[in-house]
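User: Hey, I'm new to this one. Can you walk me through it?
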Amino acid sequence: MDFTNFDIDQLFGMKDDTNPLMMLIWILPIIIFIFYGQRIQLYVTSGEIKKGIKKLDEFREESRTELLAYINKHLTPKNNPEKRIDQFLDYFTIMPVDMDPNGIVEKVQHTVRSREDYTREHVKSLFSEIDDVELSKVQTLLEIASSLQMIHKIINHMFLTAKKQNNYPLILPLQMILPFIMEQAEAMKEAIPVFKTGQPVGDGIGPMVVGKMMLNSPKEEISFQTSLAKTTFENRNLFLLKAEGPGSTVGRPADALESIISENKIDAVIMIDAALKMEGEDSASIARGFGAAIGGIGTEKFHIEAVATEKQIPIFSIVIKQSVKEAITLMTKEIADQADNVRSQVYEMIKENTKEGQSIVIIGVGNTVGVPQ
């Protein structure tokens, strides 16, 4: 086919003998698109976003219903808990002002811990009797339901604002982030049955590895909801730390590490945690590195890095790669099967980086639901 002999007048019908109707057919859509293009794009995009918002609303309502059903079926509330639970779902946290960053970490930590303490005490007051494991489950389910409610509110607000103003550029960021939001919301919804039954989640692989290393060693609570066991390995002293299972908690590893370092000379810290895999990476693959492997809002990481820097202690890390969904839903067989492999790599790392007579702190980072010690 010869594309060099291309007649643009023939294509657009611009010759003298051109039918005016044909010209109108070409030109009219262009004019419409110039003046109403954004509005047309807004209508097309709105349909997809509406479906997402409807799903988020279903997730929000489903998480609330499941939480209330769990409380009424498995626990002994003093009164009808529905009103109090609805109040908890609307709680919000105002982060400290950061215009002057000096001391901001302490302020954030104080705010977050105050919220956790407040929620724990008020959830406990709903029941005539509740043990710590059930209390941690209800707290986690409450956090999931509250997060889903907040996500729905924010996305719905952004959509309605853009639609009200017929503003396509305003809705464009929402269209781009919606798939990521939906992925996380679906993962949270699927995490609900796992936390209700107290089964391990993918994020618990760090505590699982350290929990196995703690077997047959005496344990003690060294900081809030954090367990410590001391043992030895090839003439080295090991301090094993993990959140206190099998409740749903991540403990306070920074407080525990500071306490250990204040009384002992530590030569290395090894942290084991789940890490989000990149696209193309295999789930349950293992990687080694340097630095504090711990997620969250950053306050625990800040304090671990601060004390390690002050005492000139190197921090080594081992991470087990997984997706967002795998991290907060039932631990897959592939991830669980890596526990022994990771433990072997921890011992290997100890031999490679320390000498006999030295002391090492090993921290299993993550939610320890369903993982005892």
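This is a predicted model: local features need pLDDT of at least 70, side-chain atom pairs count only at pLDDT 80 or more; totals for chains, interfaces and linings use all residues.

User: Okay. How many salt bridges are found in the whole structure?
Analyst: A search of the whole structure turns up 23. In general, side chains of opposite charge can pair when their charged atoms come close.

User: Let's take aspartate 117 and arginine 120. Where do they lie?
Analyst: Both sit in helix α4, three residues apart, which is about one turn of the helix.

User: Is arginine 120 buried or exposed?
Analyst: Arginine 120 is buried, since its relative accessibility is 11% and the cut-off for buried is under 20%. Aspartate 117 is partly exposed, at 33%.

User: What about aspartate 255, which residue does its side chain meet in a salt bridge?
Analyst: Arginine 113, at 3.1 Å from N to O. Aspartate 255 is in helix α8 (residues 253-263) and arginine 113 in helix α4 (residues 104-124), so the pair ties together parts 142 residues apart in sequence. Arginine 113 is buried at 16% relative accessible area, while aspartate 255 is partly exposed at 25%.

User: And glutamate 66 with lysine 196, what's the N to O distance there?
Analyst: That salt bridge comes in at 2.9 Å. The pair links distant parts of the chain, 130 residues apart: glutamate 66 belongs to helix α2 (residues 20-74) and lysine 196 to helix α6 (residues 168-197). Glutamate 66 is partly exposed, with a relative accessible area of 21%, and lysine 196 also counts as partly exposed, at 22%.

User: Which residues are linked in a network of salt bridges?
Analyst: Asp57, Arg60, Glu61, Arg64, Glu82 and Asp86.

User: Switching to the backbone: which peptide bond is cis?
Analyst: The one from glycine 245 to proline 246, with omega near 10°. Proline 246 is in the loop between β3 (236-243) and α8.

User: What's up with phi at glutamine 225?
Analyst: Glutamine 225 has a positive phi of about 55°, although it is not a glycine. You'll find glutamine 225 in the loop between β1 (219-223) and β2 (226-233).

User: And asparagine 235, where is that found?
Analyst: In the loop between β2 and β3. Asparagine 235 isn't a glycine either, yet its phi is positive, about 60°. Its relative accessible area is 55%, so asparagine 235 is exposed.

How values were computed
Residues are numbered from 1 along each chain as its sequence is written. Side-chain values use heavy atoms; hydrogens and water are left out. A salt bridge is a side-chain nitrogen of Lys or Arg within 4 Å of a carboxyl oxygen of Asp or Glu. Helices (H or I, at least four residues) and strands (E, at least two) are DSSP runs, numbered from the N terminus. Buried means under 20% relative accessible area, exposed over 50%, partly exposed in between (1.4 Å probe, protein chains only).
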